[in-house]
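Reader: I would like to learn how to read a predicted model one feature at a time. Please take me through this one.

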Protein chains: 2
Amino acid sequence: MDTNNYPRISFQQRMDAIIEEAEELGKKIIEDHRKTIELLSEFDEEKSKTIKANSIKLDEDSFHLERQCIRFMATEHPFAGDLVFVESLIRVGSHLKRIAYLLSNIAEISSNAHSVKIPSHLDEKIQYMGDYVQMMLSKSIYAFLNQNIVTAKELKDDDDKVDDLFDSILKEIIDLMSEDSENIKAYMDIIFTARFLERIADRAVSIGARTIFILTFKKPRG
Amino acid sequence: MDTNNYPRISFQQRMDAIIEEAEELGKKIIEDHRKTIELLSEFDEEKSKTIKANSIKLDEDSFHLERQCIRFMATEHPFAGDLVFVESLIRVGSHLKRIAYLLSNIAEISSNAHSVKIPSHLDEKIQYMGDYVQMMLSKSIYAFLNQNIVTAKELKDDDDKVDDLFDSILKEIIDLMSEDSENIKAYMDIIFTARFLERIADRAVSIGARTIFILTFKKPRG
């Protein structure tokens, strides 16, 4: 199918459609992340299944977005700032896809991670980490969509905090392991839950870096 | 002391002096990282002390570099690409300082991390991770100094590999813990060794991102 045979829709309209698609994808990830954070406080079989199923759909959505971007580049020949923006959409789409898989990983181990009781302050720390990463994810997606360099720049410092949280949780859980070696597998899944959250935070930083990259290149796309 | 009272040295000469200072700092870090990697295969009291002492010196060096950069900006008023470059030197200096502290952390726990014997394939994996991060660190510093965007761009993919290595080491060590709960503290220090390496890799990625940022802003500084 050759799009050139179709009446030419304006450059801006097609660009807007792609941005809208990216926004939809971003909203879905934010929503799924929220659901996943709920799993941190309580295991829920149905929710866990939904998150895993959604990660597959999100992979397809991300692939669809990538195809739309490539088709757009091939037919509309954007240049300068527009080209950089569309290329960045592909990159951001691929980060979102990876985040969806990390959410699926957390959902996968959630049942086992809840099979051991941990002190409430540690439970709260893990949930705080989840909320913090949730905030970073929203921040990164909206900084990218709204081209907000100030917010994008905050993400690196936010990430240092998440790194420290992970290290502190890791240390505490390993201490618990040494006293309760029968539940090591469950503790391991708690560690991996925190580790997956930390990797999501890294992706948020990458989306922020992309945003800074675009805005430094400048040339507004409006 | 007002530098304006001194005969004005050419802009380029002062810029070159700062770059040289940054290069020296970079070389020292690379050398200290190499020493630290040697600690992964065998504990060495003297080497460990040197690394810890050096990290304090490197903090001072990084602070000195920062002061030089700020003084340069205040007196020479660089703009556009030159300004971005000098600002980036401050950022890179601060990443190098953090790396020096991570090396010091590894040196600190090295003795205890060696207090338990682990399977040789796992030992090799940790050393491979160390070598890999060593390569990333050199890459990031020289990509920055030589303004090489191609090398700088490779660092993100390199980091994915380090992340996977860390996760795999984490998993294996926790498995060992479950069979040998008496040595949990030593295993924990092996995990933290790998974790510190992974955080060094993150810093290398940040230096790479800075490099890409400068080169996107363009305006050659030569």
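Reader: In which helix does A:Glu38 lie?

Author: A:Glu38 lies in helix 1 of chain A, residues 11-41. Helices here are DSSP runs (H or I, at least four residues; strands are E, at least two), numbered from the N terminus. This is a predicted model, in which local features need pLDDT of at least 70 and side-chain atom pairs count only at pLDDT 80 or more, while totals for chains, interfaces and linings use all residues. Residues are numbered from 1 along each chain as its sequence is written, and chains are lettered from A and ligands numbered from 1 in the order in which they are written.

Reader: How many helices and strands does chain A have?

Author: Chain A has six helices and zero strands. Along the sequence the pattern reads α-α-α-α-α-α. The C-alpha trace of chain A spans about 70 × 35 × 20 Å along its principal axes.

Reader: How do I read burial, and is A:Glu38 buried or partly exposed?

Author: Count the other C-beta atoms, placed from the backbone, within 10 Å of the residue's own: 20 or more is buried, 12 or fewer is exposed, and in between is partly exposed. A:Glu38 has 16 such atoms and is therefore partly exposed. A:Glu172, in helix 5 of chain A (residues 149-179), is also partly exposed, because 17 C-beta neighbours lie inside 10 Å. Of the 222 residues in chain A, 41% are buried.

Reader: Which residues does B:Ile149 touch?

Author: A contact means that the C-beta atoms of two residues, placed from the backbone, lie within 7 Å. Leaving out residues up to four places away in sequence, B:Ile149 touches B:Thr211, B:Ile212 and B:Leu215. B:Ile149 belongs to helix 5 of chain B and counts as partly exposed, with 13 C-beta neighbours inside 10 Å. In chain A, 86% of the contacts with a separation of 6 or more join residues 24 or more positions apart.

Reader: Which residues have the most contacts inside the largest nonpolar core?

Author: A nonpolar core is a set of buried Ala, Val, Leu, Ile, Met, Phe, Trp, Tyr and Cys residues joined through C-beta atoms within 7 Å. The largest one has 126 residues, and those with the most contacts inside it are A:Ala194, A:Ile200, B:Ala194 and B:Ile200. B:Ile200 touches B:Ile99, B:Leu102, B:Val133 and B:Leu137, again not counting residues up to four places away.

Reader: At what angle do the axes of helix 2 and helix 3 of chain B cross?

Author: Axes are lines fitted to C-alpha atoms, for helices over the stretch in contact, and angles run from 0 to 180 degrees between N-to-C directions. The axes of helix 2 (residues 45-76) and helix 3 (residues 80-113) of chain B come within 9 Å and cross at roughly 170°. Helix 2 of chain B is therefore roughly antiparallel to helix 3 of chain B. The cut-offs are under 35 degrees for roughly parallel, over 145 for roughly antiparallel, 65 to 115 for roughly perpendicular, and oblique for the rest.

Reader: Where is B:His77 found?

Author: B:His77 is in the loop between helix 2 and helix 3 of chain B. Its phi is near 45°, a positive value in a residue other than glycine. B:His77 is exposed, with 10 other C-beta atoms within 10 Å. B:Ala80, in helix 3 of chain B, has a phi near 45° and counts as exposed with 11 C-beta neighbours inside 10 Å.

Reader: How many residues does each chain give to the contact between chain B and chain A?

Author: The contact takes 15 residues from chain B and 15 residues from chain A. On the side of chain B that touches chain A, helix 5 (149-179) and helix 6 (184-217) of chain B each supply at least two residues. Helix 6 of chain B gives the largest share, nine residues.
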